[in-house]
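Subject: Structure handover and notes

Dear colleague,

Please find below the structure I promised to hand over, together with its sequence.

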Amino acid sequence: MDTLKVDVAVIGAGTAGLNARREVEKRGGRPVMIESGPYGTTCARVGCMPSKLLVAAADAAHALDHAPLFGIHAGTDRRIEGAVVMQRVQRERDRFVGFVVGDTGKIPEEQRLHGHARFTGPTTLVVDGRVRVDARAVVVAAGSRPFVPPPFDGIRDRVLTSDDIFELPDLPESLAVIGTGIIALELGQSMHRLGVRVAFFNPFDELGPFTDPDVKRTARRDLSAELDLRLGIEMLAAKAETGGIRLRWREPGAPPREEIFARLLVAAGRRPNLAGLGLETTGQPLDAKGLPRVDPETTQCANAPIFFAGDASGHLPLLHEAADEGRIAGANAMLWPRVERHERRVPLAVAFTDPQMAMVGVRYADLPEGQHAIGSAWFENQGRARVAGRNRGLVRIYGDPASCRLLGAEMFGPGMEHMAHLLAWAVQSRMTVQTALSMPFYHPVLEEGLRAALRDLASNLRAIGGCRPEDLAEAPGT
Ligand SMILES: Cc1cc2nc3c(=O)[nH]c(=O)nc-3n(C[C@H](O)[C@H](O)[C@H](O)COP(=O)(O)OP(=O)(O)OC[C@H]3O[C@@H](n4cnc5c(N)ncnc54)[C@H](O)[C@@H]3O)c2cc1C
């Protein structure tokens, strides 16, 4: 077996792995990046980008459905060409993937290995049983994969996940979506708006990322008005038939029901790609689920020369976190046995549903008991949201009573992808509610809704007295 000696072996050529390799090279080290699948990253190939392309198509269809509110009617030949929708998703997706594949192909060949990497010791790997890699340190950037729970694993070849749905040549007539998390809602709502008959199933009474009961309730009320949500059900059976998938389930206190769907999308969460990696040979302690304990500030596993980055780290499975963790892991893999701590960015997550969902900073569930105040604002009567007929949602911002600093927020409403950024930047710069209110707000904009929540927070923090009079000036109808 050939042996390759390197400074750092990086498992995975996704966003985290590419960033880790680059950092090692930048620091004068000799990396090798090992990839078992195609180049192009999960984000570009089957994640962020194709999902947002589908959402964009659904937005276009929804704009037509919404137009009569304004007295505008699209002619009688309004139709959705499913094949054309999917062709654009695939064409634009391929363009994004092409850029990544092109850049990855420019990495010197001696720094790239193709095959499945498996640990045989703390810093030794075997790739496809043909190459042995001896490294000073290893970065595990192996990503994650969709989890297919029973009873759907029994019909795995007929089940769609986010790995295959973007390959459909046309929109299906109907779609059962298993799960009501971010990926399930983005894809399922898009399909619904593109004219597919969609039903969501979840054995748990959960919807989206929220932990704040008021935001949860609002999201559930508003989304139930549009989507067929079957929460808290017991899934009894899933059977593949010629015409599709027959589901049998029971809602609480009701007799079992059956329905056939042309296609079935399982979006029931993702699991780090750690099985089959031989982690048990590294001598590092693994928890009951076979996961290592990883310090998010160093990405290191215990004191070992093994670093975990991106979805494989079990931290926050988001693109910008994968990029950050790749850089941190690459840097610390080079520095080992010394490691540097990196203060992480304020957590920020957005779901591109309509209305959008966003989480910023400390979640409601993690607020210190009795040591927080909350400011709320509803979007029903928010000026700009009403103008656009998008007046739904609730924002709840959390603050610290001792310092009046902003802690975090859970947000459901129009334009939240933008407002979540404003708030995340404010939280990260340790801004107080008084300073946030002293910032300029244009009129009429959705951000005035954010200001209403900040004012409510200032009032509940009893910080109104510390605000300048002009920061509390009323603008009727905002
Ligand atoms: C449908 C969907 C929508 C999403 N939307 C968003 C979004 O809007 N915003 C956002 O921030 N995030 C989004 N995400 C999440 C985001 O895509 C991921 O967090 C990110 O791509 C993870 O990057 P990574 O480098 O950790 O993993 P990946 O890009 O998956 O790279 C891991 C690589 O490791 C390889 N590998 C695994 N095991 C081995 C092995 N043993 N040997 C060799 N190679 C191996 C895999 O083949 C893979 O190529 C979305 C994800 C999905 C699925």
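What follows is a description of the ligand site, and then of several individual residues and peptide bonds.

Please bear in mind that this is a predicted model, in which local features need pLDDT of at least 70 and side-chain atom pairs count only at pLDDT 80 or more, while totals for chains, interfaces and linings use all residues. Residues are numbered from 1 along each chain as its sequence is written, and side-chain values use heavy atoms, with hydrogens and water left out.

The ligand site

The ligand is surrounded by 36 residues, of which the closest are E35, T42, K52, D311 and L319; a residue is taken as near the ligand if one of its heavy atoms lies within 4 Å of it. Sorted by class, this shell has 17 nonpolar, 15 polar and 4 charged residues, where Ala, Val, Leu, Ile, Met, Phe, Trp, Tyr, Cys and Pro count as nonpolar, Asp, Glu, Lys and Arg as charged, and the others, Gly among them, as polar. At least two residues of the shell come from each of helix 1 (15–26), strand 2 (31–35), helix 2 (42–46), helix 3 (48–66) and helix 7 (319–335). Helices (H or I, at least four residues) and strands (E, at least two) are DSSP runs, numbered from the N terminus.

Which polar atoms of the protein lie 2.7 Å, 2.9 Å and 3.2 Å from the ligand? A polar side-chain atom of D311 is 2.7 Å from an oxygen atom of the ligand, a polar backbone atom of A117 is 2.9 Å from a ligand nitrogen, and an N or O atom in the side chain of H116 is 3.2 Å from a nitrogen atom of the ligand. The ligand taken alone exposes 1000 Å², and the protein buries 90% of that; accessible areas come from the Shrake-Rupley method with a 1.4 Å probe, and for residues only the protein chains shown count as cover.

Two residues of helix 1

Both G17 and E23 are found in helix 1. G17 is buried, with a relative accessible area of 0%, and E23 also counts as buried, at 5% relative accessibility; buried means under 20% relative accessible area, exposed over 50%, and partly exposed in between (1.4 Å probe, protein chains only). The side chain of E23 makes a polar contact of 2.8 Å with the side chain of R27. A polar contact here is a pair of N or O atoms within 3.5 Å; within protein, one must be able to donate a hydrogen and the other to accept it, and residues adjacent in sequence count only if both atoms are side-chain atoms.

Aromatic pairs and cysteines

The count of aromatic pairs comes to 4, on the rule that rings of Phe, Tyr and Trp (its six-membered ring) pair if their centres lie within 6.5 Å, with planes under 30 degrees apart counted as stacked, over 60 as edge-to-face and the rest as tilted. In the pair of F210 and F412 the ring centres are 6.2 Å apart and the planes stand at 85°, so the pair is edge-to-face. This pair links distant parts of the chain, 202 residues apart, with F210 in the loop between strand 9 (197–202) and helix 6 (213–226) and F412 in strand 21 (residues 406–413). Both F210 and F412 are buried. Elsewhere, ring pairs link F201, W249 and F261 into a cluster.

The count of disulfides, meaning pairs of cysteine sulfur atoms within 2.5 Å, comes to 0. C301 is buried, with a relative accessible area of 3%, and C404 is buried as well, at 10%.

Backbone features

Another joins H443 and P444, with omega about -5°, and P444 is in the loop between helix 10 (433–437) and helix 11.

D128, although not a glycine, has a positive phi of about 50°; D128 lies in the loop between strand 5 (124–127) and strand 6 (131–140) and is partly exposed, with a relative accessible area of 47%. A302, also a residue other than glycine, has a positive phi near 45°.

With kind regards
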